[in-house]
Amino acid sequence: MIEKNIDITHLTTFGIPVKASAYAEYKSVDELIRICRMPEYLDQRVLHIGGGSNLLFVSDFKGLVLHSGIKGLKEYCKDDETVYLIAGAGERWDDVVNYCIDHDLEGLENLAGIPGEAGASAVQNVGAYGVEAGDLIWNVECLDRTTLQVVTLKGSECGFGYRQSKFKGEWKDRYFILRVSYRLRRSTHAHHLEYAALREYAARLGHQPTLREVSEEIRRLRASKLPDPAVVGSAGSFFKNPVIRKAYYEWEVLNFDPSVPSIPRRVAEEPKRADFDSEEAFTAEMRAYEAYRDATHVKVPAGWLVEHAGLKGASVAGAYVYPQNCLVIANRGDATGEEVEALAHMIQERVLQCFHIPLEPEVNFIDSRIRITVLGSGTSKGVPELRCNCSTCTSADPHDKRLRASVLVETMGVKILIDPSPDFRQQALRARIFDIDAVLITHEHYDHVGGIDDLRPYCFAGPLDMYCRQDVNDHLHTRLDYCFKSQLYPGVPSFRMHVIDNQPFFIKGVRIEPIEVYHGKLPIYGYRIGDFAYVTDAKRIDESEREKLLNLDVLIVNALRHRQHFAHFTIEEALQLIEEVKPRRAFLTHLCHEVGYHELFATTLPEGVAPAYDGLEITVE
Ligand code: EPU
């Protein structure tokens, strides 16, 4: 049932060679439940894939890849007009659409030609040409991964939005989708003709187009803009069309470059009937005017941004920007996941520089490695200390310049900042941090949160997710009250606060385990992410919490100096902890100038232990 070390390249549309250490395709819910009880499932990372049309494997996948082989299409008629179509999650999406067209079921015809499978339609909320699957999804039958019970979720509770659903957010890794049902209308003709090219097509035809006509026109449109996955590897749109605050768009983006378009189009002045040749043209302009006037956010076409940043055809080795549609990154045939990733970063940087708009990938980066960047390795005063002339503080070695303690952790395409230090601005410039998915706070001391105001640029699209204990949350609300008001002063940072306790939780599918440690008398959190843990400002760790630090590949832990301190581990205390929990590699952080020169200090540490330094990059394979 579970196969080992399997090539799964054919299960993705990028065509980049990739292997999974384990793979299983199940044909029924009973078979899936049997897999869920197997050690191969319980003991390792699990990734469920659909048609692989939105995935970029940056490295081979260490873990179990699951794929649904649940098929079947079944109609239930409610009345003469409404039909519910239930599709097995493993049905090819285009087969679902073709079935509808063959059986005069209206609703999904605008979604013709999209690669992928029915299950993914609910996860991605696939959308094209004015229609989103979420508008039609009636309910979703799932297997709850914790209880192994089958549950039926209503479409209305799935949180569908532009390229968004709860399956990608708060429900990530909670359910396996078994079947999806769509509420359709019995009709031979198509009615969703809002997309400009379809309106023009209908006008050319001179009659209301049939479902088949619309689906064929859409296939033609797609073929002119998108590579055929059978010929050129890609994942369709690589980035989402950014949705940004309207105020930001008007004040920042347009001030910088007035030509940047928006969807709905920017129609600042109310259209006048007399200025239009036909009623239809006037109504369309009026609709755009109203949509723009009412919206608090605007969507900007990412393909336009990439093209106008001068990146049409740009490449990194085998990965290139598809010239017919700059929103697509394509594989010349020999591209690696890392080359696609490098090109994506180059595009993000250039678009940000040109238009002040960050692009968010639509594609899921599957990189089970954990990459850690030490942004700061110094104690609360930093090194050099102000007004100090000691040899360390006057050293010319860049390793002896320690900003306040902070790390950036990247895994599975998710970037997590631990502690926005007062030096965050400099750290972000140095590490070229263009986006952040979430912020974890260890405790409320100023040297760990003093950079919160500098997170402003990362809140351009809306509040940034921040995770902390209740006491930290209370402190931040008092100290940074201006970030938490119901009416925010324009441009201030805003946060979606998640109060956590000492229980594991998920950020976009990444499991975070808090570790309670004592900073003097203050209970604070360290965090474990996979085989990596970050513990700062600890003086004591109780036995039960120490267990969470067993079997680590990398531990970063605070060690202030040799002299005792009431609230921080000394170097000897940190080494004692390392000796006890035995990580494969350990790095000391939150160091003060008393440790002396980095280079000399390093020679005094046991094998497998090193001082951290600012800019240090560590990879957990
Ligand atoms: N544009 C450019 N240059 C380009 C590409 C696009 O200037 O290189 C401009 C177009 O001229 C147009 C605007 O950008 O004015 C929007 O382009 P388009 O209508 O082609 O749609 P899109 O926003 O680029 C979205 C979906 C597609 C879907 C189309 C059609 C996203 C991320 N992508 O693309 O979905 O097919 O609309 O509705 O929302 C996919 O998800 O893989 C996908 C292909």
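Predicted model: local features only at pLDDT ≥ 70, side-chain atom pairs only at ≥ 80, totals over all residues.
For what follows, Ala, Val, Leu, Ile, Met, Phe, Trp, Tyr, Cys and Pro count as nonpolar, Asp, Glu, Lys and Arg as charged, and the others, Gly among them, as polar.

Rolling a probe the size of a water molecule over the atoms shows where empty space is left. In this structure there is one cavity of 30 Å³ or more, and the volume of the largest cavity is about 30 Å³. What lines the largest cavity? The residues are Thr12, Phe14, Ile16, Val18, Leu55, Leu56 and Phe57. By class, that lining has six nonpolar residues, one polar and no charged.

Next, an open site. The second largest pocket has a volume of about 520 Å³. Its lining consists of 24 residues, and Thr373, Glu410, Ala431, Arg432 and Glu617 are the ones nearest the centre. Two or more lining residues come from each of helix H10 (337-355), E21, E22, H11 and strand E34 (617-620). The lining of this pocket divides into nine nonpolar, six polar and nine charged residues.

H11 deserves a slide of its own. This helix spans residues 424-431, and its buried residues are Phe424, Gln427 and Ala428. They lie on the same side of H11, because the arc they cover around the axis is only 95°. The general rule is that an α-helix has 3.6 residues a turn, so residues three or four places apart point the same way. Which residues are exposed on the other side of H11? Those are Arg425, Leu429 and Arg430. The cover over the buried residues of H11 includes strand E21 (370-376), strand E22 (406-411) and strand E23 (414-418).

Now a loop residue. Serine 187 sits between strand E13 (175-186) and helix H5 (196-205). Is serine 187 buried or exposed? Serine 187 counts as buried, because its relative accessibility is 13% and the cut-off for buried is under 20%. Setting aside neighbours within four places in sequence, its contacts are Asp104, Leu105, Glu106 and Leu211.

Last, a hairpin. Strands E11 (residues 137-144) and E12 (residues 150-154) run antiparallel and are joined by five bridges. Asparagine 139 is opposite lysine 154 in E12. Between the two strands there are five residues, and in this hairpin leucine 148 has a positive phi, near 55°.

Key. Residues numbered from 1 in each chain as written. Heavy atoms only, no water. 1 Å grid on protein atoms, 1.4 Å probe; cavity = no way out; pocket = protein on both sides within 12 Å on 5 of 7 lines; lining within 4 Å. Points joined across faces, edges and corners; volume = space filled by probe spheres on them. Buried < 20%, exposed > 50% of the residue type's maximum accessible area, 1.4 Å probe, protein only. Helix = DSSP H or I, 4+ residues; strand = E, 2+ residues; numbered from the N terminus. Arc of directions from axis to C-beta. Contact = heavy atoms within 4.5 Å. Pairing = 2+ DSSP bridges.
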